[in-house]
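Here is a short briefing on a structural model. Read it with the sequence and coordinates at hand.

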Amino acid sequence: MDEKEIIKLFAYMITSARGCVDEPKIYGPFRLVDSISKLYGILEKNNLIGNEEVSKIIEKIEDKKYSCMTDEKEFVTMLDNVIDDFVALLNFNKK
Amino acid sequence: MGDSILDVIKKRRSIRKYKKENVSKNILLQLIEAAIWAPSGSNVQPWYFIIVDDANTIEQVYVFSPGLLGKPPSVILICSDRKKAFETAGTLGRDELCVMDISMAAQNIMLLAEEIGLSTCPVKSFNKRAISTILNLPDYVSADLIISVGYSDEMTSTPKRRSVKEVTFFNTWGAEFNG
């Protein structure tokens, strides 16, 4: 794996952190989600992740992540759904 | 007959997913030609435009610009010469008019881009310090706005707009417009 890809991600995340001090509140959740997308992209490119369920979750995120700028409710619903997916994926669901 | 200006204004969308197809230097320069015809306070024309179409430099800008989404093949950084603005128009010019001037130039860029089949997105979420260093800006020049430029690879919907009636008064604040 090219170490520089990870360093770029760190730079992106720290830049996001600085930006979030001044930017609209909703940008914070978006940057976190976008960081997941970028990290997943690096892992996938380097064959370090291959879980089909995770891939589906990432697709859900990609599909709706930009809605934070046009429809905050839709964005939050996506986050809630994805959290449910992760709970199920990790077998933490006791119901 | 082509679209009217109002048609072009209404068609423009902020695009966050681009095709890999490059935009020619000639077209990018046409966008700058549109920009320099924007009005400016005291006719200072405080703007400078850095066209970034080199893949390596775009990648560097991208890393420090969280708002720059969808990997556009080119970006235009609009800068303002705050020293020049101050010398001509004082603190009003430096602190307020500059922002308006580059915004009007940016709109010219985005509308011409839309008219000729390109897509854009104005981006303010970038780290000014990092971008100024990467692009070697002098200290009196402010990195104000990035515009991504490329060919859209995204289906867009029509965004909600507050109506003319809701945002318009005639003659005094609050006087309802019954048009």
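Among contacts in chain A between residues at least 6 apart in sequence, what percentage join residues at least 24 apart? The figure is 52%. This is a predicted model.

**Chain A**
- Chain A has four helices and zero strands.
- Read from the N terminus, its elements run α-α-α-α.
- The C-alpha trace of chain A spans about 40 × 35 × 20 Å along its principal axes.
- Chain A has 95 residues, and 14% of them count as buried.

**Sheet of chain B**
- Four strands of chain B form an open sheet in the order S1-S2-S4-S3. The pairing is antiparallel.
- S1 and S3 of chain B are the edge strands, each pairing on one side only.
- On average, neighbouring strands of this sheet are turned by 25 degrees against each other, direction ignored.
- Six bridges join S1(B) and S2(B) in the antiparallel sense.
- B:Phe49 has B:Ile78 in S2(B) as its bridge partner.
- H4(B) packs on the sheet and touches S1, S2, S3 and S4 of chain B. The direction of H4(B) makes about 160 degrees with that of S2(B).
- In general, strands of a sheet pair through backbone hydrogen bonds, either parallel or antiparallel.

**Nonpolar cores**
- The largest nonpolar core holds 41 residues. The members that touch the most others are B:Val75, B:Leu77, B:Ile78, B:Ile109, B:Ile147 and B:Val149.
- Elements of chain B giving two or more residues to this core are the helices H2 (25-35), H3 (55-63) and H4 (82-115), with the strands S1 (47-52), S2 (74-81), S3 (119-123) and S4 (141-150).
- H4(B) supplies the largest share of this core, 11 residues.
- Leaving aside residues up to four places away in sequence, B:Ile109 touches B:Leu31, B:Ala34, B:Ala35, B:Ile76, B:Thr120 and B:Ile147.
- A second, separate core has five residues, among them A:Phe30, A:Tyr66, A:Cys68 and A:Phe75.

**B:Ser14**
- B:Ser14 sits in the loop between helix H1 (5-11) and H2 of chain B.
- B:Ser14 counts as partly exposed because it has 18 C-beta neighbours inside 10 Å, whereas a buried residue needs 20 or more and an exposed one has 12 or fewer.
- Not counting residues up to four places away in sequence, B:Ser14 touches B:Cys121 and B:Pro122.
- B:Ser14 and B:Pro122 are 108 residues apart along the chain, yet their C-alpha atoms are separated by 7.2 Å.

Note on methods:
Residues numbered from 1 in each chain as written. Chains lettered and ligands numbered in written order. Predicted model: local features only at pLDDT ≥ 70, side-chain atom pairs only at ≥ 80, totals over all residues. Contact = placed C-beta atoms within 7 Å. Core = buried A, V, L, I, M, F, W, Y, C linked by C-beta atoms within 7 Å. Pairing = 2+ DSSP bridges. Axes fitted to C-alpha atoms, helices over the stretch in contact; angles between N-to-C directions.
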